[in-house]
Structure formats: C-alpha cells, structure tokens
Amino acid sequence: MLEVDRINVSYGDFHVLHDVSLKVEKGEMVAVLGANGHGKSTLLKALCGLLPIQNGTVRYEGSDITRLASTELVQRGLVYVAEDRRLFRDMTVLDNLMLGAFNTRAWKCREKTLDQVFALYPRLEERRHQLCRHLSGGEAQMVALGRGLMSKPHLLVIDEPSLGLAPNLTAQMMETIHDLNRAGMTILLVEQNAALLTGHISRSYVIEEGVIAEGDLSAFGELQ
Amino acid sequence: MNIVEILISGTTQGAVYCVIAMGLSLVYGTSRILNFAHGALYTLGGYIAWFLMYGGPGLSFGLAFVVSLPLLFCIGVALEAGIIRPLRRHANWQINAIMVTLGLAFVIENGLQLLFGPKTKTIPAFIEGGVSIGGTTVSLYKIALVGISVLLVVLLELFLARTRAGKSVQAVSQDLQAAAQVGINVNRVFGLALGLSVVLTGAAGILLAPVFQISPTGGWSPFLKAFVIVVFGGLGSTRGAMLAAFILAFLEAIVVASVGPGWAMPAWLIVLMIVLMTRPKGLLGVWEN
C-alpha cells in the first residue's frame, strides 16, 4: 500500500533522513521505533506531504506521491495525526472534527462518520461544544484521533499517540488504534515507548540517526 | 459639543473603519502578511467605480458598486498568487512581503495617476436628502453608509462562522500545519483571504468617495487608521478590529468636536500606546506580538 524507497529529507541545512526505505502492506499495523530526535516525526510528515522530500520515491496505492501536497494526499486517504495534537484550539470539538472531513470524499458522509467517532468516544459527544483549548490531554488526543478518522483514512499515520498521556490512557489509546486496525484500517505509527506496542503491531522498523533498519521490539530494547 | 452629532459621527465612521480594518486583519490573521498596499487598494476601489460610472460604461452607482466587488476579489486573488506566494518559499518572507506590498502601493498610486491624472475625482452621494434625529439633520447617505457597512461586516462574519470555506479560513489562521493536515489547500485560503480583503477595502473606497473624493494618494490616511485599529484590536482578530473601530471612531468624534480635527490621530496613538503597554496583544489579540 505504501512503499518508501530511499528518501532523503532535510530541515533547512540539517540532513535528517538518509536513504530511508520502508513498506506497509494493506491491513498491517506497522510501527517505526526510535528515540527522540532521530527523525521519526520528520519521516511521517514527509510521507504525508507536510515536508518536502529531496530525493527518493514514495508510492501509495500504486502511484507516485513523492511530490504531492497534503491536500491531494488527504483526498486519497493518506491521513496524518500529529504528536502534538495540532487541534484548532479556539474552535469547538465539533468544528475540529468537521474540519477533519474537509476533503470532498469525506465531506459527503461526514454526519455518518461523526456518529461513528461519537460511538467510539462518547466523551467527545458530551463535550462537542467545548473549545479545544479547555480540553484535558486525554480528551485532546481523542479529538486528534477523531479528526483523523473524520478524514476517512485508508492509511492512518499516527505520530506518537502516547505522548503526554497518563499510563492508563496510553494502553487504552493503543487498544483503540489496534481495534481500528482489526476493523480493516491500515496503520503506520511511530513510538518511542516500545513496551506499549507489544501484542499490537504486525511489524516494526527501528530508526536511528535518520537511518532505518527492519527490526523488532526486542532489538529496540537492546538499542536503549 | 452636541452629543447627537458625536453619536452620529462615531457610528458612521466606526462602521466604515470596521470594513477597512477587518480586511486588513483578515489577511494578517490568515497569511501573516501586513499588507501595506491596503490603502492603495482602497483607492483603487474608488477609481474602478468612478471609471464604471463616468469613464465609459456609464453605469449607475448601484450597478458600478456591485460590478466592482467581483473585480476587486479577482485582483486580490491575482496579487496573492502573483506576488505574495513566490515570496513564501524563502526565509524572511514576511519582511519581504512588507517591502513588496509597500512597493505595490506606489505602483498602484502611480498607475492611477498616469491613467486618471492627479486631479481628484468625485462620485456624488447616491441618495439625497436627510432626516432629523434629535434636532440634528442626518443625511440619508450617511445612514445608507452605515447600513451597507454593517451588512458587509455581518456577511463576512457569517461567511467565516457558518460556511465550509469560512471555517477553512479560520483553521488556517489558528494553525497552518493542522489546516494542511486535514487537507485544506492553504494557498487557496490565502488567495481567498486577500480577495475578500480587497473587496472590503475597495468597497469602503467606493462608499466614501462622495465624502473624501478620490485621489491617487488618498489611501494612506485610511490605511494608517486601519493599521492602528488592527493593532489596537489585536492583530489577527476580526472581532477585535470591529470593537476597536468603534471605540476609536467615537474617540475621534469626541476629540474632533472638543479639541479639533488635527488632534484625532494623536489621541488614537496615545490610546494605542496605553492599551499596548497594559495588554501587548491588543484588545482581543490572538497572538503575542
């Protein structure tokens, strides 16, 4: 579904990703593991059209998307959920969710998707008229994921879902993501807390100083 | 000092300032551009309407006004795509954008001077007559001016709050990356914002033509005022700009009636300084400066 072939990405003069390749098959839940500052978020942002890719290619659902902007990628179902939530803080929960359905494909069925998101997170339905700046960390993460779901993703790309959540909430969040995967959604996520992923993921990669290697959780344990 | 006169003057000026300042604020809020050509585009609006009425097509005022608006919108969209967007790829683009829009202001001014000459043009008031309010005669033109200004502001607010496109403008102004993330085409939103902004300032230029006349350099005073209003109200907040427009318009009316017209701008700047000292982001500002 997603094939990344030797991409290079820089932040200004700083060369962050070196010839990174990875693959995600339809229906998989794949994790990229790595410590902070090793290029995990850069990788995801580049894949989702939020950072330019210097060279290499990214293929998604059979076509080359290396140079496509996020607008086009979201339209095609490649959806990014940011680690720092990135909610519209002065808008209500409902407005945030509805903006998730901004692409024309998702817009047509937004009411139905909204019901599904509210079924998943009844808490969001209760708080739908609250401004996002007044939400707790856990609720904000629900909105972030809910907004991603509103975009009707084929491949949901999640940047460190556990960041800033209490331990009991992180396990729940991972369970929710795994449920989405079981229901047929392909998922690519990054995490630095490898222990959280045990029993949930199909495969994993390890990224270290911008270089990626096929790996498993135990290998990552040794790295740390 | 006549209270009724002050109320009338404050309301009229406030409504028009609102229209001009909200346009400036809208563009700053979405694309972080301080558009120094905002005043020149106000003037351009006046000239476009004048041309449509007396320069050939011979339209009525109402028709000229209605035809001008989509023209102004297209000018804004074209300016964004043609001269602002290419800047955005480089570092320090915000400073560059200020310089470029400042240059644009002079290009527009000189262009208008070449085309229409340095002499002022006038558009007669589109409604004659007046009504008496509390012993003071108010021209119907001023009442219409307030009515149209309020209508423009309400339409803008409804557009921003209720429509899908309006929400995308709000989204871009709150978080650019998040807007891109949900699939909003941010370049299109920048174009839309500048288009609407030029419509607002150009419309004000047309509506005020009967009072201030139209001259190539006539846009600097409204620009400066809009600038003070926007900083006072809080950069990027259209509601703040609205509130500030009326506060400063009433202040102006009081100062003009009690001290003299030359003191209006100094009074504005003193109030602005006091507000910024106690509240650096302005009345309803979104960002710290």
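In chain A, A:Val4 stands opposite A:Leu22, a residue of strand β2. This is a predicted model, in which local features need pLDDT of at least 70 and side-chain atom pairs count only at pLDDT 80 or more, while totals for chains, interfaces and linings use all residues. Residues are numbered from 1 along each chain as its sequence is written, and chains are lettered from A and ligands numbered from 1 in the order in which they are written.

Strands β1 and β2 of chain A run antiparallel and are joined by seven bridges. Strands here are DSSP runs of E with at least two residues, helices are runs of H or I with at least four, and both are numbered from the N terminus. Two strands pair if DSSP finds at least two bridges between them.

## Two residues with positive phi

A:Arg6 belongs to strand β1 (residues 2-11) of chain A. Its phi is near 45°, a positive value in a residue other than glycine. A:Arg6 is exposed, because 12 other C-beta atoms lie within 10 Å; a residue is exposed with 12 or fewer such neighbours, buried with 20 or more, and partly exposed in between, with C-beta atoms placed from the backbone.

A:Glu61 is not a glycine, yet it too has a positive phi, about 45°. A:Glu61 lies in the loop between β4 (55-60) and β5 (63-64) of chain A, and with 13 other C-beta atoms within 10 Å it is partly exposed.

## The covered strand β3

Strand β3 (residues 29-33) of chain A is mostly covered, with five of its five residues buried. A:Met29, A:Ala31 and A:Leu33 point one way from the strand, A:Val30 and A:Val32 the other way, and all are buried.

Which strand does β3 of chain A join through five bridges? That partner is strand β8 (residues 186-191) of chain A, and the two run parallel. Here A:Leu33 stands opposite A:Glu191. β3 also pairs with strand β9 (residues 203-208) of chain A in the parallel sense, over four bridges, and A:Ala31 stands opposite A:Ser204 of β9.

## Helices of chain B

Now to chain B, where helix α2 (residues 38-54) and helix α4 (residues 93-116) pack at an angle of about 25°, with their axes 8 Å apart. Axes are lines fitted to C-alpha atoms, for helices over the stretch in contact, and angles run from 0 to 180 degrees between N-to-C directions. The two helices are therefore roughly parallel, a term for angles under 35 degrees.

B:Phe159 is in helix α5 (residues 140-162) of chain B, and it counts as partly exposed, with 15 C-beta neighbours inside 10 Å. B:Phe159 and B:Val107 are 52 residues apart in sequence and 32 Å apart in space, C-alpha to C-alpha.

## Where the chains meet

The contact takes 14 residues from chain B and 20 residues from chain A; two residues are in contact if their C-beta atoms, placed from the backbone, lie within 7 Å. On the side of chain B that touches chain A, α6 (164-174) and α7 (176-181) each supply at least two residues. α6 of chain B gives the most to that side, with five residues.

Terms used
Parallel < 35°, antiparallel > 145°, perpendicular 65-115°, else oblique.
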